[in-house]
Amino acid sequence: MNTMRHSRRLASAILVLGLAGCVVAPYPYPAPYPGPTNYDRAFAAAAGAVRDQGFNVTVEDVSRGVVLGQAGNASVQAQVTRQPDGTVRVQFDAKAPQDPGLAERISRSYDRRMGR
């Protein structure tokens with residue numbers, strides 16, 4: 001009887017020690033990638049909006065937040081700026097003598113790309 005009790009205690013101790021070595025991951029799969037920042041999304045949308053209107057993007061400088069586009073005698077500049085409060089400001093300047101509504105169309109294209 002003493003041997004039986006000793007065997008049960010030994011089996012219980014092995015079981016407890018075995019379970020103590022198990023690690024449960026917080027996710028059943030790898031943690032999700034955080035995705036692009038607001039600045040990155042805005043910059044990509046600004047560059048895409050310029051292309052949407054048929055411009056060839058000649059400069060796309062993410063670190064300075066500048067996108068320059070050219071189409072014939074028309075040019076476009078998009079400036080993407082991080083604000084101190086964490087928001088992002090995007091400004092479009094278009095020089096197109098025969099197309100006064102160009103900046104507005106680029107802005108609408110930007111809004112569509114941003115899901116607005």
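Reader: Among contacts in the protein chain between residues at least 6 apart in sequence, what share joins residues at least 24 apart?

Author: That share is 34%. Keep in mind that this is a predicted model. For a contact to count here, heavy atoms have to lie within 4.5 Å.

Reader: And how many helices and strands does the protein chain have?

Author: There are 3 helices and 4 strands. Starting at the N terminus, they come in the order α-α-β-β-β-β-α.

Reader: What makes strand 2 and strand 3 a pair?

Author: The cut-off for pairing is at least two bridges. Strand 2 (residues 66-71) and strand 3 (residues 74-82) are joined by 6 bridges, so they pass that cut-off and count as paired. They run antiparallel. To see it residue by residue, look at Gln 70, whose bridge partner in strand 3 is Ser 75, or at Val 67, which stands opposite Ala 78.

Reader: How do the other neighbours do on that test, strand 3 with strand 4 and strand 1 with strand 2?

Author: Strand 3 and strand 4 (residues 88-95) share 8 bridges and run antiparallel. Here Gln 77 sits opposite Asp 93, and Arg 82 has Val 88 as its bridge partner. Strand 1 and strand 2 are joined by 5 bridges, again antiparallel, with Val 59 opposite Leu 68. With at least two bridges as the requirement, both sets of strands therefore qualify as pairs.

Reader: What sits between the strands of each hairpin?

Author: The hairpin of strand 1 and strand 2 has 4 residues between the strands, and Gly 65 takes a positive phi near 75°. Between strand 2 and strand 3 there are 2 residues, with Gly 72 in the turn at a positive phi of about 60°. The hairpin of strand 3 and strand 4 has 5 residues between its strands, and Gly 86 in that turn has a positive phi of about 95°.

Reader: Which strands stand at the edges of the sheet, and why?

Author: The sheet is open, its 4 strands are ordered 1-2-3-4, and the pairing is antiparallel. Strand 1 and strand 4 are the edge strands because each has a single partner strand, which leaves one side of each without a neighbour in the sheet. On average, neighbouring strands are turned by 10° against each other, ignoring direction.

Reader: Is Phe 55 buried or exposed, and how do you know?

Author: Its relative accessible area is 7%. Buried means under 20%, so Phe 55 is buried. It belongs to the loop between helix 2 and strand 1 (56-61). Leaving out neighbours within four places in sequence, Phe 55 is in contact with Val 50, Gly 69, Gln 70, Ala 71, Ala 74, Ser 75, Val 76 and Leu 102. Phe 55 and Gly 72 are 17 residues apart along the chain, and their C-alpha atoms are separated by 8.8 Å. For the whole chain, buried residues make up 22% of the 116.

Reader: Gln 70 keeps turning up. What does Thr 58 touch, setting aside residues up to four places away in sequence?

Author: Thr 58, in strand 1, touches Leu 68, Gly 69 and Gln 70. Thr 58 and Gln 70 are 12 residues apart in sequence, and 6.9 Å separates them from C-alpha to C-alpha.

Definitions and conventions
Residues are numbered from 1 along each chain as its sequence is written. This is a predicted model: local features need pLDDT of at least 70, side-chain atom pairs count only at pLDDT 80 or more; totals for chains, interfaces and linings use all residues. Side-chain values use heavy atoms; hydrogens and water are left out. Buried means under 20% relative accessible area, exposed over 50%, partly exposed in between (1.4 Å probe, protein chains only). Axes are lines fitted to C-alpha atoms, for helices over the stretch in contact, and angles run from 0 to 180 degrees between N-to-C directions.
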